[in-house]
Amino acid sequence: MNVAVFGAGYVGLVTGAVLAELGHRVVLVDVNEQKVEHIMAGIPPIFEQGLSELLTRVRGTDRLQATTQASQAVASSEIIFIAVGTPPLADGSPNLEYVHQAALAIGQGMVSGASYVIVNKATVPIGSANLVELWIEDGWSARYGTKPPADLFTVASNPEFLREGSAIHDTLYPDRIVLGADETWAMDRLTTLYQPIIAQSFVAPPETPRPQDRGPVPVIKTDRLSAEMIKYAANAFLSTKISFANEMANICERVGADIQTVMHGIGLDTRIGPKFLQAGVGWGGSCFGKDLSALIYTAKEYGYQPRLLESTQEVNKDQRLLVVKRLQDELKTLKGRRIALWGLSFKPGTDDLRDAPALSVIGELLRLNARVTVYDPVAMTNIQQQYPDLDIRYSESALEALDGADALVVLTEWDEFQRIPLATIAQALTQPILIDGRNLYDPKEARHLGIRYRGIGR
Ligand SMILES: NC(=O)c1ccc[n+]([C@@H]2O[C@H](COP(=O)([O-])OP(=O)(O)OC[C@H]3O[C@@H](n4cnc5c(N)ncnc54)[C@H](O)[C@@H]3O)[C@@H](O)[C@H]2O)c1
């Protein structure tokens, strides 16, 4: 099928490259010229497991193109995804301006005689399919001066659930595909597009092998509003699960229980499940905070106070700064203290800094006049480029960051950090203080080595 994808970011690029791998002809449309040039040269503009190999391969087949010119890509496409960013505004509602611009461009690029399914893959507030429909009509009218012909296009919803760090794997082997469409022909077209994934009939790429026992993928076919709501409900539930684990950790600390054992104990219950129960410095990333705020905003628009969701947010906000309180407990004043900070990205496997807990921790440490030296295996370039005015020091390696440090704070659970022996950490620090924001290390071993170890909830 001929497919266009607006927005070649984490979602759009991965979706486009995977669809090309499955045999579709895909054009990525992005307003960022540099991104487009990189993609055309087969160089991934983001760090994502397996993306380099995938991009090289699909660029080699010519099934994946990238352009800044929307009109050509739109005219000949049967399915057009909108996968542009929807970042939060100050009031918590998502900024739909990028979606608006994409929809206008789609409206202007369509030609009569064709039929288009335009798909909201970006996470957009419930009801946005209607809005996108109007904006596409506006685009068409601006070009042709008339209303678009009936049956020229329809808007569908196909929310995305991929996780950065395993985005290609999640796209090829999803837990489910959610399709929201009001017209049967649109639903059928989307089902055909995804058929190789639904039936798991494609040849698995060598760098992203199919998990053993992977069966057909369940498809939820529903109306557009329910599809849009599924995305928000999923992220609200996942962030609530983590905030729940953090609340339990805070109670564990006070009563003397161990959160790791407690969460293992509840996670074995099949009604609960073991995932997303890790206590730590809280959730971050481009989605959870933004989507939770958007859902809270939506609920309030309809006069409903979503108290559980608001608490999820508050618990997370406090949790981020817990490591700073730990440092204050251990070091008393933080003025002029040298703090080594390992891990910047909001989770391992990605260079994404959006709403990363590390940014909150760095901000608070700088406010308290500490001197901060950071290290991350992949996010160093991003922090230097995106926050050039941040008064922090950068290290070439994890151990270099410890040189002369009064304490180490660990904020991202990269494997690299787990492999460094505690004895090495103890030797390198001026004062053996380790604030383990991800519960990576064994507290007993740390204490045995003379490290003043503070984890979360243990
Ligand atoms: N990142 C994730 O893990 C993830 C997971 C699920 C859903 N989502 C949702 O998917 C959407 C995209 O997220 P992302 O992380 O890929 O964002 P991103 O910021 O990485 O990418 C967005 C891209 O859209 C481009 N863009 C902006 N305006 C455009 C326009 N008018 N025409 C064409 N391109 C335009 C930008 O240049 C950028 O490359 C968001 O709504 C997000 O909530 C993200």
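In the predicted model, the side chains of K147 and E137 meet in a salt bridge, with 3.7 Å from N to O; a salt bridge is taken as a side-chain nitrogen of Lys or Arg within 4 Å of a carboxyl oxygen of Asp or Glu. K147 lies in the loop between α6 (128-144) and β6 (153-157) and E137 in helix α6, so the pair ties together parts that are 10 residues apart in sequence. Helices (H or I, at least four residues) and strands (E, at least two) are DSSP runs numbered from the N terminus. The structure holds 22 salt bridges.

Residues are numbered from 1 along each chain as its sequence is written. Because the model is predicted, local features need pLDDT of at least 70 and side-chain atom pairs count only at pLDDT 80 or more, while totals for chains, interfaces and linings use all residues; side-chain values use heavy atoms, leaving out hydrogens and water.

The protein chain is divided into domain 1 (2-222), domain 2 (231-317) and domain 3 (321-454), with bounds from an automatic or database domain assignment. The centres of domain 1 and domain 3, taken over C-alpha atoms, are separated by 38 Å. Six residues of domain 1 are in contact with eight residues of domain 3, contact meaning heavy atoms within 4.5 Å.

About 600 Å² is buried between domain 1 and domain 3, 46% of it on carbon and sulfur atoms; buried area is the accessible area (1.4 Å probe) that two parts lose on being put together, summed over both. In domain 1, Y10, F47 and E164 lose the most area to domain 3, together 83% of what that side buries. One salt bridge is found across this interface of domain 1 and domain 3. E164 forms a salt bridge with R354, the closest N and O atoms being 3.5 Å apart.
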